[in-house]
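Here's a quick tour for anyone meeting this structure for the first time. Have a look at it, then read on.

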Amino acid sequence: PPRLSSIPEPQQVSAMQKENVNEMYRLIRNKNRRLNGWEKYFRTEKLQSSPLILNIPTGSRCNIRCIFCTDRRGERASSDYRDLSFDEFISMYARGWGEAFMTSGMVALYGWGEPLVNPDYERIFDSMTENFPGLGISICTNGILFSRPWAEKILAVENSELNFSVNAATKETYRSLTGSIRFETVLENIRHLITLRRKHGTRNPSVTLSYAAATTNIHEIPAFVRLAADLGADSVLVQDIMML
């Protein structure tokens with residue numbers, strides 16, 4: 001594939017040139033995907049293909065305190081839990097990540113925390129979508145900060161996935177699990193995104209509602225599935241909690 005430095009920034013080229021750049025990205029990704037498929041078929045030990053999915057941990061801070069998650073309070077938490085800055089993200093280009101962004105089909109843009117609490121998250125997101133058209137974006141969020149502008153922004157991404165970590169079917173259970181009273185806010189944000197998606201006549205982004213099943217909420221799984229169906233979500237992901 002061509003090196004990152006040889007590809008013009010989308011904002012620096014004409015509409016026709018931009019379409020050519022976009023088509024070049026598509027060809028590169030399709031070629032990498034086919035190569036990866038053959039390598040899997042022949043069980044190749046040393047791969048020449050690039051990863052199909054990348055993960056960029058954007059931060060480990062969070063705006064709620066789920067009882068099944070790690071504790072982010074206290075002195076240790078202030079030093080151990082932090083955000084990825086935009087400058088740190090940009091430095092990844094110098095380490096060769098730019099070419100990986102060109103060949104991969106999807107990047108998971110979140111870490112062990114709520115991505116939208118990162119003050120630089122929007123700049124990171126915009127940098128990915130502007131400089132690597134066609135690259136899919138996957139986000140896992142608790143949905144509290146997923147505002148209407150974010151719904152518009154994610155809808156504009158050609159290939160995107162959203163996992164809303166809800167973990168409850170009622171506001172009472174939600175509060176006991178997270179310490180938050182924003183259950184209705186989360187549902188409204190999800191509802192708005194799916195309504196907006198329908199207006200645009202698209203199935204993108206795909207929407208998953210996830211559920212960390214514990215003794216305190218396992219009884220609500222059937223109600224949670226019904227809630228997800230009522231909202232119009234594409235899928236439900238139920239995970240058990242394993243204490244190690």
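Helix H6 (residues 148-155) and helix H8 (residues 183-199) have axes that come within 10 Å and cross at roughly 40 degrees. Keep in mind that this is a predicted model.

**How H6 and H8 meet**

- Two packed helices are described by the angle between their axes and the distance between the axes.
- With a crossing of roughly 40 degrees, H6 and H8 are therefore oblique to each other.
- The crossing of H6 past H8 is right-handed.
- On the H6 side, the contact is made by Arg148, Ala151, Glu152, Ile154 and Leu155.
- H8 brings Glu188, His192, Leu193, Leu196 and Arg197 to that contact.
- Sort the residues of this H6 and H8 contact by class and you get five nonpolar, one polar and four charged.

**What lines the largest pocket**

- Its lining is made up of 29 residues.
- Four strands each supply at least two residues of the lining: S3 (136-141), S4 (160-165), S5 (206-213) and S6 (235-240).
- S6 gives the largest share of the lining, three residues.
- By class, the lining of the largest pocket has 13 nonpolar residues, along with 10 polar and six charged ones.

Notes: Residues numbered from 1 in each chain as written. Predicted model: local features only at pLDDT ≥ 70, side-chain atom pairs only at ≥ 80, totals over all residues. Heavy atoms only, no water. Axes fitted to C-alpha atoms, helices over the stretch in contact; angles between N-to-C directions. Parallel < 35°, antiparallel > 145°, perpendicular 65-115°, else oblique. Left-handed = near helix turned anticlockwise from the far one by under 90°. Contact = heavy atoms within 4.5 Å. Nonpolar A, V, L, I, M, F, W, Y, C, P; charged D, E, K, R; others polar. 1 Å grid on protein atoms, 1.4 Å probe; cavity = no way out; pocket = protein on both sides within 12 Å on 5 of 7 lines; lining within 4 Å.
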